Amino acid sequence: MRTVSRLPLSWCLSSCDPNSGSESRFIARSLWLPRSRRDWIYNAQQSRTAYFADIMVSESAKKDIILRGCDASHLAALEDRGWKHRQSGLEAVLPLRKPDPWNPHRSLRELSRRALRKGNIEVMERPDPGTIGRIREILTELRNASQYRRRPALKYLFQNDPEFWELCLIYYRDNQPEALVGWSRNGESAIHLEVMLRSREAPVGAMEALILESVALAGKRGMELVSLGEVPFLRINPKTPELPAKKQQTQLKRFASYYLMRPAFSSMGLFRFKNKFRPLWNPLYLMSNRPVGLLALGDLFIESGCHKLLAYCLTHFNRS
C-alpha cells in the first residue's frame with residue numbers, strides 16, 4: 001500500500017481521535033463545479049492514521065472529485081488506481097532534514113537583520129480561540145494597507161482563516177502590525193505557507209525575517225520540510241529540477257494560463273521572491289478520477305475568483 005508523507009497543499013492533519021468514527025478521520029470542505037460536474041475538495045482535515053489514497057478512492061466512488069496542490073507522492077498513490085493528473089505549477093520546498101539541511105544565504109540573513117533592527121516578531125503557535133479573532137482583525141488591517149487592497153480576493157486556494165493554522169508570525173514596528181505569515185500543518189513533519197501579507201509601509205526584509213524565523217522554529221520542533229507554497233502557471237524542465245537558484249529562471253516554461261493571467265498575477269515575481277530562498281522546485285498537479293480537461297480548468301478559474309481579479313486588473317490599469 002502506497003503512503004504519502006503529507007497531504008495536498010492547504011489540507012491539514014486532524015487532531016480528532018482516530019477511533020471515534022469514520023467521520024472524524026476525514027472532514028472535507030468542497031465546492032460543486034457545475035460545468036465539469038465534479039466536487040472540488042479545496043480543503044480537508046485528515047487523521048494521522050488514515051490512508052490518503054483509500055479515502056480518495058472511497059470519496060470518488062460516491063461522486064467525481066478534483067484536487068489541487070498534489071505532489072509526486074499523491075500522483076504515485078492514485079495514478080495506479082486510474083486517476084488522471086495535469087500539472088498546474090511549481091512548489092518551493094525547503095528540506096530541513098540531515099545530512100544536507102537547508103540553510104539561508106547570507107543575503108537573506110542580512111535582509112532579516114535590517115528589518116529586525118526596526119521591529120520585532122510575535123510568534124503564535126496553534127492559535128487558540130482568544131487569539132484567532134485578533135489574528136483575523138490583523139489580517140483585515142493588513143489587507144486594507146497592502147498594495148493589493150482594492151483587488152478582488154481569490155477564494156478557496158488557501159486557508160485564509162487562522163482557525164486551522166499551526167503557526168502564525170506577525171512583524172510589528174512601533175507596535176503596529178506590518179506583515180504576517182500563517183502556516184498550516186499538512187504532514188507529521190511538514191508545514192505549508194498559507195498566507196503571506198504585508199502593508200505598503202513594511203520595511204525591506206520584513207517578509208524574509210518572518211519566513212526565516214518560521215523555518216528556524218520548524219526545525220527546532222522536528223519538522224523535516226517547509227513548503228513556501230505554489231507558484232502557479234510555471235514548470236521546470238523535469239531533467240533539471242535541482243539547478244542552482246541563479247539558473248532556475250532560464251529553465252522555466254510557461255503554461256498558456258500564465259499569459260492569460262499575466263495582467264493580474266505575477267507568477268514570475270512570486271517565483272523570484274521564493275527562489276531567493278534557494279528551494280527545491282517540485283511539480284504540483286491537479287488530480288481527478290476523471291480527465292482534467294478545459295471544463296474543469298474553467299470551473300476552477302471561475303470559482304476561485306480568477307476571472308474577477310483579471311477583469312478588475314484589465315479595467316483598472318492605474319490602481320493597485
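This is a predicted model: local features need pLDDT of at least 70, side-chain atom pairs count only at pLDDT 80 or more; totals for chains, interfaces and linings use all residues.

Strand 8 (residues 176-187) runs antiparallel to strand 9 and is joined to it by eight bridges. A hairpin of two residues connects strand 8 to strand 9, and Leu180 stands opposite Leu197 in strand 9. Strand 10 (residues 225-232) runs parallel to strand 9, with three bridges between them; here Ile191 faces Val226 of strand 10. Together with helix 6 (residues 206-220), strand 9 and strand 10 form a right-handed β-α-β unit.

## Salt bridge within helix 2

The structure contains 20 salt bridges. One of them joins Lys62 to Glu59, with the closest N and O atoms 3.4 Å apart. Lys62 and Glu59 are three residues apart in helix 2 (residues 52-62), so about one helical turn separates them. Lys62 is exposed at 61% relative accessible area, whereas Glu59 is buried at 14%.

## Salt bridges between distant parts of the chain

Arg290 pairs with Asp64, the closest N and O atoms being 3.2 Å apart. This pair links the loop between strand 13 (280-288) and helix 10 (294-303) to the loop between helix 2 and strand 4 (65-70), the two residues being 226 residues apart. Arg290 is partly exposed at 28%, and Asp64 is partly exposed at 26%.

Arg97 forms a salt bridge with Glu224, with the closest N and O atoms 2.6 Å apart. Arg97 lies in the loop between strand 5 (84-95) and helix 4 (106-116), and Glu224 in the loop between helix 6 and strand 10, 127 residues apart. Glu224 is partly exposed, at 32% relative accessibility.

How values were computed: Residues are numbered from 1 along each chain as its sequence is written. Side-chain values use heavy atoms; hydrogens and water are left out. Two strands pair if DSSP finds at least two bridges between them. Helices (H or I, at least four residues) and strands (E, at least two) are DSSP runs, numbered from the N terminus. A crossover is right-handed if, with the strands pointing away from the viewer, the path from the first strand over the helix to the second runs clockwise. A salt bridge is a side-chain nitrogen of Lys or Arg within 4 Å of a carboxyl oxygen of Asp or Glu. Buried means under 20% relative accessible area, exposed over 50%, partly exposed in between (1.4 Å probe, protein chains only).
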